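Please keep the coordinates open while going through them.

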Amino acid sequence: MSLTDLRNSLPDYAKDLKLNLDSVLSDAGSQGLDAKQIRAIALSCAIASRYKPLTQAVEAFAAEKLSAEEIAGAKAAAAVMGMNNIYYRATHLIQNEEYGQLRAGLRMNVMANPGIDKMTFELASLAVSAINGCGACMDSHEKVLRKHEISAQGVQSALKIGAVVHAVAVALEQA
């Protein structure tokens, strides 16, 4: 099923999601990002949202502009954040500061060569971290992005993509 078909299958109560999906997946609706970044972020977020039909449709959409290596990089962002968000959210939320001082010892080799450019990987990681609710990871990725001159608008656009893609997954899963 295509992304357009899925969008059109959203229930009437999710009309705003239809409008927002079209917007955030466009250059005009995601200011501060380019077409490749939009697609990579959307794919990472669809994976994090765990609704397979949406993930498949977004992957086809992403493949219009991304190479196989870049698609693998977007998938890698979702995968590594799936691990990191759980671990770092827990160490941040546990009231015992000792856990935050311990070495995590979790392999994250993909971050050295993710298959997509580093800032796109960071944008995708930020958006997935928002979906997974890890404030520590969101803070970390936002600082890296801003240090590398990604605008506040670019960061906001990545977060909006994550919010809309996740909401679409929830609505479609319930339809």
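**Notes on the predicted model**

1. Serine 129, with neighbours up to four places away in sequence set aside, contacts Met81, Asn85, Cys134, Cys137, Met138 and His141. The model is a predicted one. Serine 129 belongs to helix 7. Its relative accessible area is 0%, so serine 129 is classed as buried.

2. Serine 125 is also placed in helix 7. Buried or exposed? For serine 125 the relative accessible area comes to 0%, which means buried. Outside the four places on either side in sequence, serine 125 touches Ala77, Met81 and His141. Met81 and His141 are also among the contacts of serine 129. A polar atom of the serine 125 side chain is 2.8 Å from the backbone oxygen of phenylalanine 121.

3. On the helix 3 side the contact uses Gln37, Ala40, Ile41, Ser44, Cys45, Ala48 and Ser49, and on the helix 7 side Thr120, Leu123, Ala124, Ala127, Val128 and Ile131. By class, the residues of this contact are nine nonpolar and four polar, with no charged residue.

4. In soluble globular proteins, nonpolar side chains tend to be buried together. Here the largest nonpolar core comprises 50 residues, and the ones with the most contacts inside it are Leu3, Leu25, Ile41, Leu54, Ile161 and Val168. Two or more residues of this core come from each of helix 1 (3-8), helix 2 (15-24), helix 3 (35-49), helix 4 (52-62), helix 5 (68-93), helix 7 (118-132) and helix 9 (152-174). Which helix gives the most to this core? Helix 9 does, with nine residues.

5. Ile41 has a place both among the residues with the most contacts inside the core and in the contact of helix 3 with helix 7. Leucine 54, apart from residues up to four places away in sequence, touches Leu3, Leu6, Ala46, Val165, Val168 and Ala169. Of these partners, Leu3 and Val168 are themselves listed with the most contacts inside the core.

6. Arginine 50, in the loop between helix 3 and helix 4, has a phi near 65°, a positive value in a residue other than glycine. Glutamate 149 sits in the loop between helix 8 (135-147) and helix 9, and its phi is likewise positive, about 65°, although glutamate 149 is not a glycine. Arginine 50 has a relative accessibility of 69% and therefore counts as exposed. Glutamate 149 is exposed as well, because its relative accessible area is 75%.

7. The last point concerns glutamine 174, which lies in helix 9. At 56% relative accessibility, glutamine 174 is exposed, because the cut-off for that class is over 50%. How far apart are glutamine 174 and proline 11 in sequence and in space? The two residues are separated by 163 residues in sequence, while their C-alpha atoms are 9.4 Å apart.

Technical notes
Residues are numbered from 1 along each chain as its sequence is written. This is a predicted model: local features need pLDDT of at least 70, side-chain atom pairs count only at pLDDT 80 or more; totals for chains, interfaces and linings use all residues. Side-chain values use heavy atoms; hydrogens and water are left out. A nonpolar core is a set of buried Ala, Val, Leu, Ile, Met, Phe, Trp, Tyr and Cys residues joined through side-chain atoms within 4.5 Å. Buried means under 20% relative accessible area, exposed over 50%, partly exposed in between (1.4 Å probe, protein chains only). Helices (H or I, at least four residues) and strands (E, at least two) are DSSP runs, numbered from the N terminus. Contact means heavy atoms within 4.5 Å. Ala, Val, Leu, Ile, Met, Phe, Trp, Tyr, Cys and Pro count as nonpolar, Asp, Glu, Lys and Arg as charged, and the others, Gly among them, as polar. A polar contact is a pair of N or O atoms within 3.5 Å; within protein, one must be able to donate a hydrogen and the other to accept it, and residues adjacent in sequence count only if both atoms are side-chain atoms.
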